[in-house]
Amino acid sequence: RAVFPVPSSHSCHTPPTRAASTIIMAASTDAAMCAKEGLPPAPAAAAASGGAKPDYVHMSDEEVAEAVKAGALKDHALEKALGDCERAVAVRRRLVEERVGSLDGLPYEGYCYDQINGANCEIVIGYVQIPTGLVGPLTLDNEPVYIPMATTEGCLVASTQRGAKAISEGGGAASVVVKDGITRAPAMLLPTAMAAAQLKLWVEDEANWAAIQEAFNSTTNFGKIKSVSVAVAGRNAFMRVACFSGDAMGMNMISKGCLKVMDLLYEQFPEMRLISISGNYCADKKPAAVNWIEGRGKSVVVEAVIPSAVVKKTLKTSVPALVDVAMRKNLVGSAMAGSVGGNNAHAANIVAAVFLATGQDPAQVIESSNCITLLEAIDSDGEGGPDLHISCSMPSIEVGTVGGGTSLPAQAQCLDIMGVRGASRAPKNPGDNAQKLGRMVAAAVMAGELSLLSALAANELVKAHMQHNRKPQPAAPAPAPAAAPAASTTLTRSNCES
């Protein structure tokens, strides 16, 4: 019987003991020999003859890679086959490097692959480092808060910090969540347009609300359906359901509930056909007026008053200049562009940075950055001219503090910094953490808006970026990237601050 030596410990560069392709090709011969001698077949031979699968755990990395190339093992199944997620990544990188070249600049060692496996990412070859800065303290609702921002855009954190300083110097910001409900809109097809209209009438009839509510709420302990409406286009019906989802962002929760409501509708409209559980009328991860008008996730309003003296000292401009640039840029300019939900200076910048830092879904930056930023001159109690009133109204901030990427170590730490990690516990109410996160996102946006508009009013934007967002060019070619921790040595003020 063929006996293959097994390496005593795993190494990404363990020399092969026997090529996996050789093992596979010789499997049938080995199986015959084992049968003749009355011995149980070796792992590879057993697999080829319909028995147990090959023992990839005890093969070398090169043997496992050869098995993948031979088609005996699927690339995406490496984690399951090896029982060691980091080793699976190492083997996968070996295969990828044969096709695209060295991956030395993309770190992979020391990450929480067991945690992300089957939950956050597939076919993993490493992880990308994003520098993370900190804005704060920003006084929000009489409380100093700190907001992590992950970004590679120089000046963004520093600028947002300047806005936070001005807001706090003025007494702080006030915020409120005016609506809280994630949405899903199944697409249904009816035999006729009249039937689709009848479905709309049935769903929106108050007499049927209790039955719909009972069906949806039976699927979840935390989710509670809040509203339902139907849009009809010919034979097509789109039922937009909104539900409170506690501290979760809530897409899985609401999708499950919607399927239960579908069962109820089938009883009333047996000829109805569910086309898609998501019919784009939700609307998830794409620009849509329905989110701007009706809201989705957390609908937040935040405001602050900045004394004229703070505007001059900290923001280096004047209240009239700020009001003028905000009106012409955020209102007139956005109207000329035909923008929907884009009446702001750069809300998406801050939303994206906070989302990346806290494990939110980056694709939902699209609707979460819907924002109208308004600036007005108001009467001042003192001398020095009018004070500045600034507000940001953001109807569709989609965030959660449980689920998704929020439990990954770095992202969970950022949520800890903000005081909103995990599910809300007594004396808090369910959903309090997620709502506070939404309010903090809006407050950070307002700080970023205030600072950028001030830079534009003073014509300082280009100067600041040229000064802080440029790296000196190296005199000679840069050396090959070092190990993962050394990657941060290239970070300068051109990428992140604070």
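Q: In which helix does Lys436 lie?
A: In this predicted model, Lys436 belongs to helix H18, which covers residues 432–457.

Q: Why is Lys436 called buried?
A: Its relative accessible area is 15%. Buried means under 20%, so Lys436 is classed as buried.

Q: Which residues does Lys436 touch, not counting residues up to four places away in sequence?
A: Lys436 touches Glu143, Met418 and Val420.

Q: Where is the place of Thr151?
A: Thr151 sits in the loop between strand E2 (143–150) and helix H8 (156–169).

Q: What makes Thr151 buried or exposed?
A: The relative accessible area of Thr151 is 9%. The cut-off for buried is under 20%, and therefore Thr151 counts as buried. Leaving aside neighbours within four places in sequence, its contacts include Ile130, Pro131, Ala353 and Cys496.

Q: How do you know that the side chain of Thr151 makes a polar contact with Glu153?
A: A polar atom of the Thr151 side chain lies 2.9 Å from the backbone nitrogen of Glu153. A polar contact requires a pair of N or O atoms within 3.5 Å, so the distance meets the cut-off.

Q: Which residues touch the most other members of the largest nonpolar core?
A: They are Leu138, Ile167, Ile306, Val445 and Leu450, in a core of 56 residues. H18 gives the most to this core, 12 residues. A second, separate core has 28 residues, among them Met188 and Phe216.

Q: What does Val445 touch, not counting residues up to four places away in sequence?
A: Val445 touches Ala347, Ile350, Val351, Cys371, Cys392 and Met394.

Methods: Residues numbered from 1 in each chain as written. Predicted model: local features only at pLDDT ≥ 70, side-chain atom pairs only at ≥ 80, totals over all residues. Heavy atoms only, no water. Helix = DSSP H or I, 4+ residues; strand = E, 2+ residues; numbered from the N terminus. Buried < 20%, exposed > 50% of the residue type's maximum accessible area, 1.4 Å probe, protein only. Contact = heavy atoms within 4.5 Å. Polar contact = N/O pair within 3.5 Å; in protein donor to acceptor, adjacent residues only side chain to side chain. Core = buried A, V, L, I, M, F, W, Y, C linked by side-chain atoms within 4.5 Å.
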